[in-house]
Amino acid sequence: MKTIADLKVGEKATIINLTAEKRLYERLTDFGLTDGCEVEVIRAAPLGDPILIKVRGCQIALRKADSALIEVR
Amino acid sequence: MEYTFALVGNPNSGKSTVFNELTGSRQYVGNWPGVTVEKKEGMIKNTKITIIDLPGTYSLRPSSPEQKIARDYIKSGEPNAVINVVDATNLERNLFLTTQLLDLDIPVVVALNMMDVVEKNGEEIDVAKLEKRLGIPFIPISASKGDNLDNLIEAAIKAVAVGNMPTCCSNCKKPCHTSAHRYNLANEATRDAYKKKNTGKPTISDKIDKILLNKYLAIPIFLIIMFSVFAITFGEWSLFLSDMVRNFFDGFIKNAFQIVLTYLNSPSWLMSLVSDGIIAGIGGILAFLPQIVILFFLLAILEDSGYMVRAAFILDRAMRPFGLGGKAFIPMVIGFGCSVPAIMATRTLDSQRERKLTILIAPFMSCSARLPIYVLFAGTFFASYQQIIIFGMYILGMVVAIVSGWILSRTVVRGERTEFLLEIPPYRMPTVKNTLLHVWDRVWDFVERAGTIILIASVVVWFCQAFTFTLSTATQDNSIISSIGRLIAPIFAPLGFGDWRASVAVLTGIAGKEIVVATLSIIGGSLADIFNTASAMSFMVFTLLYIPCVATIAAVKSELKSTGWAVFASAYQLVVAWIFAFIIYNLMKVVGL
């Protein structure tokens, strides 16, 4: 399954599923990372991780490990 | 009528600015999510309206401590209505929280903030459409300019009178307790009402990030910025300003008091108390005001502009091996100013484990109260290397903090790794008003400490060196302070400063680290009699790392709700300080310094 972690910088995709456990699931959805929402990878940090994504008009930083829990299409 | 309104909103939505404008108070406002870490209360002038500023939150789930404070308070029945501050430039994300507020059975009025920015961008928001869709009043405001706040309060009063409490679902049929559904609602409302100019062009903020967050440039720029902060704070001219203040106290103020006291025929003990106790003690501390003003000014700019939060993003990967995340960087930098706000700032961290760890290591960051010690000692013993030595102390503090993170995260503060989720807001030009407020707050804190705890400590130290236990006039050898000093001196003998005067300074320094210098200047005598180069260096290292001041210990205790951890933090730091000072002292001796 393709996840946000697989996206290249500049690539856009639509979220289809979150596989995070309950607490993280809640935090991610609070930030607007819900099914059907479009995300774009803006850049990676200088050391390759975390990454900066654009979601619902704002920029959110998250780690690759966590972004791998967000499946996209 | 008496009213209580709770301000609720996303972090960085301008809530604190609304609070300041309404209540006329001077709450500091930053540009990183989570500046308000506890609820603040204020009254609107000439009214009986109380405003409660709650911590910024993205959501009202009881799953995080911050969110729980906000939620519990809203549901407590104390506030009559909620004023939901919404960042209009970030409407969709902000409206998510609004949909949650609608479910809490309390009247809600939305303060649509930053409308001036929306208009400046040539965009439009149809307020009537938002009101219709969500069923609550939306009042466009600009908190930073103070626009339309009267209408906001009027609307809130009206909402209480009407008692209109629509639920999230009054306008929709589907079950709406999932985030996805709430976000859909927020998304529809935004698309409906917000006429965005979709130019697709990168914003100024994006352009700045292209450089400051560039893959190759980000880290060098970060290092240059941090180094510049030090270079400016401890540059020649700021040390020169310090000397001026010191001379002012030693010369003008001291003479003025002596003339007045002589004129009043004051007894000699009072003359001694004033000039050897109070002026020596406080003057020795206030001399560092220039550095503190400059340091806080620069830190304020880094925070307000939005750079600090980006530094957390840049550093996250590098900090992970030490059991920390990038967000821990922010409290640690604040620790250069003062450990107490640094410990408070850990409330924005993602997990309890990471908070605990950061609280335990933040006091190693060299706070401004420790600066007088380095300047005094480096100036006396290493005059030509003064700046390098001072810089080295800051680096050593950082290194010890980070290494402690590594050790503690593998021993006493073990736990699962947590996520890193951080909103990166656009850069913002720091306003003069806000920057000065920030600096003023901290500087006032410093001056207040000089006037209270340091004043009291100075008087106590003066008393203890002037008298014996039987309250007769003391010589250096039988004063109260020398007896105490001699009692504990053996602990420090292996570190090279077994002299009772040094021991006493270490002891009184626990009340506040500035008091180390105050004590030494009150006891008098030349530093060269007490220390040699090796023991001076070891003393600096020891005072950098040893037990945090009482205010910090109290903060550790209250933040971790545990006396045990406060005791652990103090004991750990004491042991670390002793070991490092021991090593440094012996190394210096070996190389013949």
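**Exercise 1. The strand pair across the chains**

In which sense do strand E4 (residues 58-62) of chain A and E9(B) pair, and over how many bridges?

Solution. The model is predicted.
- Step 1. Take the direction. E4 of chain A and E9(B) pair in the antiparallel sense.
- Step 2. Count the bridges. There are three bridges between these strands.
- Step 3. Leu62(A) stands opposite Leu421(B) in E9(B).

**Exercise 2. The contact between the chains**

How many residues does each chain give to the contact? Describe the side of chain B.

Solution. 
- Step 1. Count by chain. Chain B gives 26 residues and chain A gives 28 residues.
- Step 2. List the elements of chain B that give two or more residues to this side. They are helix H3 (91-101), helix H7 (179-193), helix H9 (218-233), helix H13 (307-319) and strand E9 (421-423).
- Step 3. Pick the main contributor. H13(B) supplies the largest share, five residues.
- Step 4. Sort by residue class. The side of chain B that touches chain A has 14 nonpolar, four polar and eight charged residues.

**Exercise 3. Chain B as a whole**

What does the radius of gyration say about how compact chain B is?

Solution. 
- Step 1. Take the inventory. Chain B has 27 helices and nine strands.
- Step 2. Compare with the globule rule. The radius of gyration is 27 Å, close to the 25 Å that the rule gives for 593 residues, so chain B is as compact as a globular protein of that length.
- Step 3. Along its principal axes the C-alpha trace spans about 85 × 60 × 45 Å.
- Step 4. Check burial and contact range. Of the 593 residues in chain B, 49% are buried. Among contacts between residues at least 6 apart in sequence, 72% join residues at least 24 apart.
- Step 5. Divide the chain. The domain assignment gives domain 1 (3-195) and domain 2 (224-414 + 436-590). The C-alpha centres of these domains of chain B lie 42 Å apart.

**Exercise 4. A hairpin in chain B**

Which residue in the turn between E2(B) and E3(B) has a positive phi?

Solution. 
- Step 1. Strand E2 (residues 40-43) and strand E3 (residues 49-53) of chain B run antiparallel, joined by four bridges.
- Step 2. Lys40(B) has Asp53(B) as its bridge partner in E3(B).
- Step 3. Read the turn. Five residues lie between the strands of this hairpin, and Asn46(B) in the turn has a positive phi of about 60°.

**Exercise 5. A loop phenylalanine**

Is Phe469(B) buried or exposed?

Solution. 
- Step 1. Locate the residue. Phe469(B) lies in the loop between helix H20 (453-466) and helix H21 (480-492) of chain B.
- Step 2. Apply the cut-off. Phe469(B) has 12, so Phe469(B) is exposed.
- Step 3. Find its contacts. Neighbours within four places in sequence aside, Phe469(B) is in contact with Ile480(B) and Ser483(B).
- Step 4. Phe469(B) and Ile480(B) are 11 residues apart in sequence and 5.5 Å apart in space, C-alpha to C-alpha.

Technical notes
Residues numbered from 1 in each chain as written. Chains lettered and ligands numbered in written order. Predicted model: local features only at pLDDT ≥ 70, side-chain atom pairs only at ≥ 80, totals over all residues. Contact = placed C-beta atoms within 7 Å. Nonpolar A, V, L, I, M, F, W, Y, C, P; charged D, E, K, R; others polar. Pairing = 2+ DSSP bridges. Rg over C-alpha atoms; globule rule 2.2 N^0.38 Å. Buried ≥ 20, exposed ≤ 12 C-beta atoms within 10 Å, placed from the backbone. Domains from an automatic or database assignment.
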